Amino acid sequence: MKYIHIHPGDNVAVALEQIGKGESVIVDGFSVTALEDIARGHKIALTDIPEGSPVIKYGNTIALAKEAIRAGSWVHTHNARTELSEGADYVYNHKVYDLPAVAPKTFMGYRRPDGRAGIRNELWIIPIVGCVNGIAKQLVEENQDLVKGTVDGLYYFPHPFGCSQLGDDLAQTKKLLTALVRHPNAGGVLCLGLGCENLQLDMFKEALGTYDPDRVKFLICQDVEDELEAGRELLTQIASYAGRFQREELPASELVVGMKCGGSDGLSGITANPAVGRFSDRLIALGGSTVLTEVPEMFGAENILFSRCADRDVFDKAVKMVNDFKEYFVAHGQVVYENPSPGNKKGGITTLEDKSCGCVQKGGSAQIVDVLSYADPVTKKGLNILSGPGNDLVSSTDLTAAGANLILFTTGRGTPFGAPAPTVKISTNTALFEKKHDWIDFNAGTVADGSETLDEAGDRLLDYVLRVASGEQTLAEKHGCREISIFKDGVVL
């Protein structure tokens, strides 16, 4: 199969492998001859598209023709443009789709005292301020002997914030860091401060709320003579606490899984993203939770999601989330359609609508049960949408802070990064899987190759996720790729 016609109403097809000039494309009653080479992931016009007329993909308008486009032509940025603007009207047109029947499944995880499940039992050092990043690094390097028994690892997450911040930025740093402290994958946490930062320890503890003093310890480096010795003592204590936990069989309904895409290509919305959508529907059918973010990459495809809001209140919150992000763009003098990236375009994505229609495929067909602000925790079973930008590391950190046990990250270009939560890289095409075998955990290019259906890929992904949840390491974990990035908007003092 060299090309795919995604929706019966589409006037373009997508090349699954290169189509040569002069080659015939016959699909769903259309028959055209390629007027030029069409690269994998790129679009070929199946009909003549007059200037100003819609380019239709996924059954949606993803662009307008900048000029008359002949049948058989390559359709991309040279002859198609976005239709997006800052304003949009949304109407609640509720739709409900059946979820698949899935036999009960379990994984081997850690039951926490608050009832939540963890899939790792790690020790985390959370710097309250960027000034102590180096101390956190030394503590991790010098205390690896504490990683034994059921303690899975010792990690720290450097960042440049916690001081010289005001207002919303300081509040977001505090909210994000305290959310990481509460994460169920952390069996014990050391919060490391300096002492003179804006984000004072009493403020941090107030935001953290109730905590178990055996699990969470605090160290202010200016208050002790030897911060490495004091840190060692506290790490030893939390390692002893974390070592009490053992893996046990837990139902798949306990899992919270984040969903993200980055370095997308023209196959993202055809293979990897809908495969993740099939996974999401299956996990939700089992009683679990999934989380979708990247609000700017919903622009142009909002109504696909909004029609599945469980009720009017969820719909209103979803509309506000999108409009708030548009206002954020406008306040900074930016247009809402300043996307896709150069790599996206090279991979075949023409406009933000094209990218967004592919991006939201990760949400599957389940009802949206809740809309969360930045770093808010998931509290409802089902599909949640989380406010956050498209940036890979910022949004993956956001998903972790929301409580995602692991993150499914689809990509057509490849990336090595990892969030604090185990980050599963899913390739949209087999060529990337074979080229970057040290980056990619799961190949969804099988769908484009014709060796697997989307449903089969979704089933295989569910089985893989349960293995990761039971302790199988992702490649990012094996390579030590664990980072955070905190969303900021204001001044630095």
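Helices (H or I, at least four residues) and strands (E, at least two) are DSSP runs, numbered from the N terminus. The model is predicted, so local features need pLDDT of at least 70 and side-chain atom pairs count only at pLDDT 80 or more, while totals for chains, interfaces and linings use all residues. Residues are numbered from 1 along each chain as its sequence is written, and side-chain values use heavy atoms, without hydrogens and water.

**View 1. The largest pocket holds about 830 Å³ of space.** On a 1 Å grid over the protein atoms alone, a pocket is an open set of points with protein on both sides within 12 Å along at least five of seven lines, a cavity is a set of points where a 1.4 Å probe fits but cannot get out, and lining residues have an atom within 4 Å of a point. Grid points are joined across faces, edges and corners, and a volume is the space filled by probe spheres set on the points. Of the 32 residues that line the largest pocket, Tyr58, Arg278, Ile304, Gln361 and Gly364 are the closest to its centre. Helix H5 (272-285) supplies at least two lining residues, as do helix H6 (302-306) and helix H12 (445-449). The largest share, 4 residues, is that of H5. The lining has 15 nonpolar, 13 polar and 4 charged residues; here Ala, Val, Leu, Ile, Met, Phe, Trp, Tyr, Cys and Pro count as nonpolar, Asp, Glu, Lys and Arg as charged, and the others, Gly among them, as polar.

**View 2. The second largest pocket has a volume of about 650 Å³.** It is lined by 36 residues, and those closest to its centre are Asp114, Arg116, Arg182, His183 and Pro184. Two or more lining residues come from each of helix H2 (167-181), strand S14 (186-193) and H10. By class, 17 residues of this lining are nonpolar, 9 polar and 10 charged.

**View 3. The whole structure has 1 cavity of 30 Å³ or more.** The space in the largest cavity is about 40 Å³. Its lining includes Lys57, Tyr58, Asp265 and Cys359. Helix H9 (residues 352-359) gives the largest share of this lining, 4 residues.

**View 4. Asparagine 405 sits in the loop between helix H10 (392-401) and strand S21 (406-411).** This residue counts as buried because its relative accessibility is 1%; buried means under 20% relative accessible area, exposed over 50%, and partly exposed in between (1.4 Å probe, protein chains only). Leaving out residues up to four places away in sequence, asparagine 405 touches His183, Pro184 and Glu254, among others. Contact means heavy atoms within 4.5 Å.

**View 5. An open sheet of 7 strands runs in the order S19-S20-S18-S17-S21-S22-S23, with parallel pairing.** The edge strands, strand S19 (368-372) and strand S23 (442-443), each pair on one side only. Two strands pair if DSSP finds at least two bridges between them. Strand S17 (residues 256-261) is joined to S21 by 5 bridges, and the bridge partner of lysine 260 in S21 is phenylalanine 409.

**View 6. Tyrosine 155 lies in strand S13 (residues 153-156).** With 19% relative accessibility, tyrosine 155 counts as buried. Leucine 123 is 32 residues from tyrosine 155 in sequence, and their C-alpha atoms are 6.4 Å apart in space.
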